[in-house]
Amino acid sequence: MHIPDGFLDAKTAIATTVFSITGLGTALHHARQHLQSREIPLVGLTAAFIFVAQMLNFPVAGGTSGHLIGATLAMVLLGPSIAIIVMSSVLIIQAAIFADGGLLALGANIFNMAIVAPVSGYAVYKTMRVLLRDLRGQLISASVASWCTTVIASVFCAGELAWSGTAAWNIVYPAMVGIHAVIGVGEGLITMLVLSAIAKTRPELLTEPSIQTNRNENKPTLIYGAVIVLGLLLLIAPFASQLPDGLDRVAQSLGFESKKTENQGFSTPLKDYRFFGIESNALSTIAAGMIGAGIVFAISFLLAGVLIPRIKNADNSPHST
Amino acid sequence: MRHDFFDRFSRLDSPIHHLPSSLKLLFSLGIIFTAVMVPMYYRWVFFAFFTILILVSFMSRIPWRFIGGRILFLEPFALGIAVMSLFQHNGLAIFLSILIKSTFCLFTIILFSNTTPFSDILFLFRRIGIPALLITILALTYRYLFVLIDEAVRLRRARNSRMFVIRRSRIWLSLTSLMGQLFIRSTERSERIYTAMISRGWK
């Protein structure tokens with residue numbers, strides 16, 4: 001999802017950079033107030049850990065392989081504000097040393113993967129944790145949150161590419177979201193398995209996070225939320241409402257337009273048709289999202305059933321031996 | 001251990017390496033910005049950039065094979081996104097211009113990062129006014145990146161020597177438990193690092 005240079009135009013680069021500076025600035029301000037100096041090395045090491053974790057390739061069917069993004073993993077381990085700092089550090093170093101992701105596109109990359117991803121993951125995770133409180137619930141919520149963040153970040157990425165005029169929205173949106181709905185399943189599984197591996201040896205790292213800043217995250221989270229909503233309005237809302245227009249354009253170019261006006265008189269009133277079109281589009285998008293999240297929930301629910309007994313066994317073993 | 005994919009030529013001795021890093025950053029950003037903004041119609045601009053970049057890479061004594069290899073390694077990612085621009089009005093022209101522009105930008109960043117040590121980039125960040133907390137975290141990340149990669153390699157070697165064959169179905173489990181182990185070791189290491197930093201008079 002790293003956007004290279006040359007894909008975004010000036011207005012998109014500037015807007016996303018402003019969003020990123022606001023988000024990262026808020027996170028740094030919050031960290032400066034609440035982070036103890038003892039915890040600063042841990043933030044740096046976690047960023048290095050996420051960096052290395054991204055380099056490990058997981059084999060997928062057919063010779064392809066995928067890797068972790070890690071925004072949700074960092075968020076679950078250290079809270080949203082620290083996750084923003086961790087992911088931003090990873091992206092800055094990747095852009096400056098690896099040339100992975102552009103320098104002018106850095107603002108957009110930070111916005112997608114270091115602000116939208118951990119904060120939307122935090123929203124999903126927190127909501128699910130209200131009902132699912134035990135370790136099993138934690139693993140399932142983290143897995144579903146990872147899938148959601150991957151898909152949501154890809155929607156923002158598609159919006160930026162479309163707003164720049166690089167690719168048409170009705171191509172880039174289904175392509176990006178389709179690919180990342182699959183990638184997200186892997187992201188969810190990896191996040192869940194890593195968390196269960198940590199729970200096996202050091203369960204206290206999950207139950208009482210090593211960094212205590214996430215006690216009062218409410219105020220900064222409101223600011224992150226506001227930035228993301230602004231991004232949503234600027235980058236995605238204009239295209240989302242244009243989706244039916246795209247269909248009309250296809251109809252126009254294929255020469256259906258004249259036929260439609262001829263038929264207008266008796267069978268289907270144009271207004272009704274159009275209203276129905278918009279509604280079914282929005283509904284089908286929401287339905288697809290719900291189905292995807294449901295599938296990931298089912299997979300992680302089943303997997304948690306296998307993983308939890310193992311963790312329990314590992315927990316008891318020191319006493320039995 | 002040597003890590004080939006990093007900025008391992010950033011401490012070479014050449015005229016380009018001795019230039020002030022602020023100048024190099026401004027120059028790189030300038031090239032990237034104009035390459036992105038100027039339409040492909042102005043061919044001479046791109047020819048001029050190409051000549052400058054070739055000249056700089058010649059003077060910096062970075063091996064050609066390294067630069068070429070990095071560009072070839074990173075190009076597929078750009079290609080993957082660029083393909084989506086084909087499906088629109090005048091798609092091929094947009095596709096080609098994006099590909100050429102992004103290759104120029106890649107070339108520039110590779111040259112910049114391999115002629116400027118990361119510590120110099122951090123000093124530059126500090127002068128621009130980026131918060132000290134972020135600089136500290138970036139410095140720590142960069143410093144321990146190499147250590148953690150070595151640690152991951154050691155963990156993997158230990159796992160391989162204990163397992164005769166890794167079953168395909170098991171590889172996800174073993175990779176994720178390696179990652180979990182790596183995170184636990186990072187938290188433990190961060191405690192030791194903090195003690196070491198304090199005893200050297202940090203804060």
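Which pattern does chain A follow when read along the sequence? Chain A runs α-α-β-β-α-α-α-α-α-α-α-α-α-α, a secondary structure of 12 helices and two strands. Helices (H or I, at least four residues) and strands (E, at least two) are DSSP runs numbered from the N terminus. The model is predicted: local features need pLDDT of at least 70 and side-chain atom pairs count only at pLDDT 80 or more, whereas totals for chains, interfaces and linings use all residues. Residues are numbered from 1 along each chain as its sequence is written, and chains are lettered from A and ligands numbered from 1 in the order in which they are written.

Of the 321 residues of chain A, 49% are buried. A residue is termed buried if 20 or more other C-beta atoms lie within 10 Å of its own, exposed if 12 or fewer do, and partly exposed in between, with C-beta atoms placed from the backbone. Two residues are in contact if their C-beta atoms, placed from the backbone, lie within 7 Å. Among contacts in chain A between residues at least 6 apart in sequence, 80% join residues at least 24 apart.

The contact between the two chains involves 54 residues from chain A and 60 residues from chain B. On the side of chain B that touches chain A, at least two residues each are supplied by α2 (21–37), α4 (64–82), α5 (91–113), α6 (118–128), α7 (132–162) and α8 (171–199) of chain B. The largest share, 19 residues, comes from α8(B). By class, this side of chain B has 42 nonpolar, 13 polar and five charged residues. In this classification Ala, Val, Leu, Ile, Met, Phe, Trp, Tyr, Cys and Pro count as nonpolar, Asp, Glu, Lys and Arg as charged, and the others, Gly among them, as polar.

Helix α2 of chain A (residues 40–55) packs on α8(B) at an angle of about 150°, with the axes 8 Å apart. The two helices, α2(A) and α8(B), are therefore roughly antiparallel. Axes are lines fitted to C-alpha atoms, for helices over the stretch in contact, and angles run from 0 to 180 degrees between N-to-C directions. Angles under 35 degrees count as roughly parallel, over 145 as roughly antiparallel, 65 to 115 as roughly perpendicular and the rest as oblique. The crossing of α2(A) with α8(B) is right-handed; a crossing is right-handed if the near helix is turned clockwise from the far one by less than a right angle, and left-handed if anticlockwise. Residues of α2(A) in this contact include L42(A), L45(A), F49(A) and V52(A), and among those of α8(B) are L182(B), F183(B), S186(B), R189(B) and I193(B). By class, the contact of α2(A) with α8(B) has 12 nonpolar, four polar and one charged residues.

Within chain A, the axes of α2(A) and α4(A) come within 9 Å and cross at roughly 55°. These helices, α2(A) and α4(A), are therefore oblique to each other, and their crossing is right-handed. The contact is made by V43(A), T46(A), A47(A), I50(A) and F51(A) of α2(A), together with I82(A), I85(A), V86(A), S89(A), V90(A) and I93(A) of α4(A). Its residues divide into nine nonpolar, two polar and no charged.

I50(A), in helix α2 of chain A, is buried, with 26 other C-beta atoms within 10 Å. Leaving aside neighbours within four places in sequence, I50(A) is in contact with G70(A), A74(A), V86(A) and V90(A).

Helix α4 of chain A (residues 80–98) has 19 residues, which should span 27 Å at 1.5 Å a residue; the end C-alpha atoms are 26 Å apart, in agreement. The expected span is 1.5 Å times one less than the number of residues. Of the 19 residues of α4(A), 17 are buried, so this helix is largely enclosed by the rest of the structure.

A99(A), which follows α4(A), has a phi of about 60° although it is not a glycine. This residue is found in the loop between α4 and α5 (106–131) of chain A, and A99(A) is buried, with 27 other C-beta atoms within 10 Å. In chain B, R61(B) has a positive phi near 65° and is likewise a residue other than glycine. R61(B) lies in the loop between α3 (43–60) and α4 of chain B and is partly exposed, with 14 other C-beta atoms within 10 Å.
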